[in-house]
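Work through the exercises below with the model in view. Try each task before you read its solution.

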Amino acid sequence: MDCWKQERSNTWTFPTLILCLYGFFFMMKPSEPFLTPYLTGPDKNLTILKVTNQIFPVWTYSYLALLFPVFLITDYMRYKPILLLQGISFIITWLLLLFAQGVLAMQMVEFFYGMATATEVAYYAYIYSVISTDHYQRVTSYCRSITLVAATVAAVLGQLLVSLADVSYFHLNAITLASVSLAFVCSLFLPMPQKSMFFHRKGVSQTLPGPDKAVAAVGADGPSNCREDEGSVSAERAPTPTQQADDAKPQNHAFGVLVQLSKDLRDCYSSRKLLYWSLWWALATAGFNQVLNYVQVLWDFRAPSHSSAVYNGAVEAIATFLSSVTSFIVQYMKINWDLFGELALGIFSAIDAGSLFLMHFTTNIWACYAGYLIFKACYMLLITIATFQIAANLSMERYALMFGFNNFVALAIQTILTVVVVDSKGLGLNIVTQFLIYGSYFAVIAGIFLIRSICMLVSSKCE
């Protein structure tokens with residue numbers, strides 16, 4: 001029996017199944033679209049001003065503070081302990097949300113939610129440590145699909161329970177607590193990985209795939225300094241005598257890993273193509289997260305939840321579905337992204353800016369909903385393209401590193417936006433004015449890439 005269990009754990013199907021169950025339950029949160037109405041309603045009795053300027057900013061600050069150390073600790077501890085930490089963080093978040101009162105308690109909710117968000121990297125990195133590269137594409141598809149399905153089901157379920165069954169927001173949060181608790185139970189059954197991408201490698205050939213083993217097929221015009229061929233692997237990654245004595249000198253090994261990571265970042269960002277795609281990634285993700293964090297406050301301002309029907313769940317379900325559709329159609333877009341990629345970034349960023357301006361100027365909640373749907377669909381389309389363009393030129397390790405660093409820069413920019421625009425210690429602008437700022441922010445992004453694309457097209461014609 002023990003042999004059968006061990007064999008079952010060693011196959012790629014068992015950890016994939018458990019990870020998909022975990023992903024479904026931790027994304028199955030029907031109360032999330034109704035967080036602002038819950039906080040401002042009779043259960044918590046907080047004002048919109050306190051929610052916007054004192055409570056929600058804590059998530060941004062905690063996420064930024066935790067992201068980089070969690071990124072390194074996740075790899076060092078081989079993922080599973082961090083998945084357990086994520087499950088515990090979710091449970092604490094919803095216990096506080098259900099039973100605690102006051103601004104300080106809700107700030108603690110945002111802190112623990114920031115911790116859960118920061119540890120999400122372990123979910124997407126875990127699977128690559130327990131399966132072979134032959135199954136990367138299939139398993140990645142499974143894991144990402146199940147989270148989209150769970151988010152859609154959660155939003156639909158939440159809306160149906162609120163609109164048709166008259167279920168209270170408190171009981172929606174109780175359902176979410178049960179779901180994240182099941183996710184934690186699922187994580188207990190995950191096998192412990194024996195290797196990781198950076199700190200616990202089991203041979204160069206396994207963990208450092210060349211172009212044919214990268215996340216996506218490497219483009220013919222990809223930058224040579226960010227590709228992994230046999231020569232560069234043996235020169236840059238071959239274990240030194242110090243690394244071979246890892247058990248005797250773990251500090252030297254850890255320092256060597258950090259030095260190698262810094263060299264990888266420098267090499268990858270020396271590619272102008274990757275630099276500009278990463279620049280858009282960081283700038284746009286900062287604005288996207290900021291909009292997601294405060295859009296419910298705007299909806300509650302346009303149609304107060306205590307006197308109007310709330311359709312946040314339905315809107316989030318439609319937005320998730322549109323995002324999955326736009327992400328799916330990218331594979332059928334036969335475009336020279338080297339030539340027209342920045343033009344696409346500029347055009348769709350301009351559409352994002354227009355949708356945010358619509359949300360600012362309109363007083364109609366349905367127009368506000370429509371603007372959000374357009375905004376999220378366009379962003380998801382572009383982030384899918386950007387992800388592919390970056391991943392196509394990198395090994396798994398370097399892609400993970402750039403993914404983490406781009407998100408760290410995005411969070412730093414988002415923190416600046418939060419401190420200046422939202423926080424009561426900064427300008428503390430009202431929610432309507434905030435969306436004017438966010439629209440202007442995306443207009444600047446659009447301007448940067450439209451000007452660059454025009455210059456590129458003119459120079460290509462001159463040649």
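**Exercise 1: α4 and α7**

Find which residues of α4 meet which residues of α7.

Solution. Step 1: K50, Q54 and I55 in α4 meet V103, M106, Q107 and E110 in α7. Contact means heavy atoms within 4.5 Å. Step 2: sort the residues of this contact, which gives 3 nonpolar, 2 polar and 2 charged. Ala, Val, Leu, Ile, Met, Phe, Trp, Tyr, Cys and Pro count as nonpolar, Asp, Glu, Lys and Arg as charged, and the others, Gly among them, as polar.

This is a predicted model: local features need pLDDT of at least 70, side-chain atom pairs count only at pLDDT 80 or more, and totals for chains, interfaces and linings use all residues. Residues are numbered from 1 along each chain as its sequence is written, and side-chain values use heavy atoms, with hydrogens and water left out.

Step 3: take the geometry. Helix α4 (residues 48-55) and helix α7 (residues 103-118) pack at about 50°, with axes 10 Å apart. That makes α4 oblique to α7. Angles under 35 degrees count as roughly parallel, over 145 as roughly antiparallel, 65 to 115 as roughly perpendicular and the rest as oblique. Axes are lines fitted to C-alpha atoms, for helices over the stretch in contact, and angles run from 0 to 180 degrees between N-to-C directions. Helices (H or I, at least four residues) are DSSP runs, numbered from the N terminus.

**Exercise 2: α4 and α5**

Decide how α4 lies relative to α5.

Solution. Step 1: the axes of α4 and helix α5 (residues 57-76) come within 5 Å and cross at roughly 15°. Step 2: that makes α4 roughly parallel to α5. Step 3: V51, T52, N53, Q54 and I55 of α4 make the contact with P57, V58 and W59 of α5. These residues divide into 5 nonpolar, 3 polar and no charged.

**Exercise 3: α6 and α10**

Are α6 and α10 roughly parallel or roughly antiparallel?

Solution. Step 1: the axes of helix α6 (residues 80-99) and helix α10 (residues 169-188) come within 9 Å and cross at roughly 165°. Step 2: α6 and α10 are therefore roughly antiparallel. Step 3: list some contacts. The residues of α6 that meet α10 include L84, F90 and W94. On α10, F170, L177 and F184 are among them. The whole contact has 15 nonpolar, 5 polar and 1 charged residues.

Terms used
Helix = DSSP H or I, 4+ residues; strand = E, 2+ residues; numbered from the N terminus.
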